[in-house]
Amino acid sequence: MGQEFVLLVSASVFCIGACGFVIRKNPLIMFVSVELMLNSVNFLLIAYSSFLNSLDGQIFALFIMTVAAAEVVVGLAIILTIFRTRHEMDVDHIDALKG
Amino acid sequence: MFDLATVFEFTRDTVILTVGITAVLASLGVILCSSPIYCALYLISHMICLALLFLLCNAEFLAVVQIIVYAGAVMILFLFIIALLGGEKEIQENSLERSIAFGLIFILLGELYLSATVGPTKQIEGKINPEMFGTAKAIGLELYSKHIVAFELASAVLLVAAVGVICLAKFSFAPLKRR
């Protein structure tokens, strides 16, 4: 597997994830886009750990997975609480803290 | 006649290319699909493609963890939440902000591609020992010797997340209208 291929796939998926985070209004899909970005970084770390013959990248990816799991759980709980209070799912309408 | 090693190499390259393109297409499906259920399904296929790519990078343990933790646990959680909140379709209309967002993201993509053309990182010489690279044993030895503090801190992070979720989800708030 060439380095160019890895960089290309990883950069594309990261940018697609960033784009999805910006253009979508459903908070669930925004979380899914964050997962996409985290996954692309994981892929880059693992591929380079194989290129550089060192396990550190894989350990990093494992910790990123842990943090991502914690983040998803807390985020989904927050979304659930907002939905319970407001009965809608559009992030454009959740602007009570807007200055 | 075909050389067997060449055929294997060609097959491997084809598989890598196919899986990589599928991963990118699946991630495009995630952000372009209106229905949240289909988004979740696209994300599952994307994660399985990534797990295959991890396998091709000699990271068996992380490929398995990717399938179990991401495609299994996290995505099932997402699907439960979608089922709970109702997966109605989102109307995607074109607006000026959306076009600006697309433009900025394309600039970001171009910058990343340009930075990738600087040149390949020098690979470390020597053959990878497949017995001790990416297996559960190797990861465990590394994790419990060099990274033991980080490992314990990760357990603390998970515990705090669990406590936080219980605090958030336990109490039912009255709807805003009734206050």
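Modeller: Begin with secondary structure: helices (H or I, at least four residues) and strands (E, at least two) are DSSP runs, numbered from the N terminus. On that basis chain A holds three helices and zero strands, in the order α-α-α along the sequence. Chain B comes to six helices, again with zero strands. This is a predicted model, in which local features need pLDDT of at least 70 and side-chain atom pairs count only at pLDDT 80 or more, whereas totals for chains, interfaces and linings use all residues. Residues are numbered from 1 along each chain as its sequence is written, and chains are lettered from A in the order in which they are written.

Biologist: What confidence does the predictor assign to chain B and to the complex?

Modeller: The score pLDDT is the predictor's confidence in each residue, from 0 to 100. Chain B averages 84, and 90% of its residues score at least 70. For the complex, the predictor gives an ipTM of 0.91 and a pTM of 0.87.

Biologist: Is chain A compact or spread out?

Modeller: One compares the radius of gyration, taken over C-alpha atoms, with the globule rule, 2.2 Å times the number of residues to the power 0.38. For the 99 residues of chain A the rule gives 13 Å, but the radius is 17 Å, well over that value, so chain A is more spread out than a compact globule. Its C-alpha trace spans about 50 × 25 × 20 Å along the principal axes.

Biologist: How should I read burial, and which residues of α1(B) are buried?

Modeller: A residue is buried if 20 or more other C-beta atoms lie within 10 Å of its own, exposed if 12 or fewer, and partly exposed in between, with C-beta atoms placed from the backbone. Buried residues make up 52% of chain A and 20% of the 179 residues of chain B. In α1(B) they are G20(B), A23(B), A26(B), S27(B), V30(B) and I31(B). An α-helix has 3.6 residues a turn, so residues three or four places apart point the same way.

Biologist: What covers those buried residues of α1(B)?

Modeller: The cover includes α1 (3-23) and α2 (27-51) of chain A together with α2 of chain B. Contact here requires C-beta atoms, placed from the backbone, within 7 Å. By that criterion 63 residues of chain B are in contact with 61 residues of chain A. The side of chain B that touches chain A divides into 50 nonpolar, ten polar and three charged residues. Ala, Val, Leu, Ile, Met, Phe, Trp, Tyr, Cys and Pro count as nonpolar, Asp, Glu, Lys and Arg as charged, and the others, Gly among them, as polar.

Biologist: Which residues touch the most other members of the largest nonpolar core?

Modeller: A nonpolar core is a set of buried Ala, Val, Leu, Ile, Met, Phe, Trp, Tyr and Cys residues joined through C-beta atoms within 7 Å. The largest has 60 residues, of which I46(A) and F54(B) touch the most other members. Leaving aside residues up to four places away in sequence, F54(B) touches I46(A), A59(B), L62(B), A63(B) and Q66(B).

Biologist: Why does I37(B) count as partly exposed?

Modeller: I37(B), in helix α2 of chain B, counts as partly exposed because it has 14 C-beta neighbours inside 10 Å. I37(B) and I82(B) lie 45 residues apart in sequence, yet 7.1 Å apart in space, C-alpha to C-alpha.

Note on methods: Contact = placed C-beta atoms within 7 Å.
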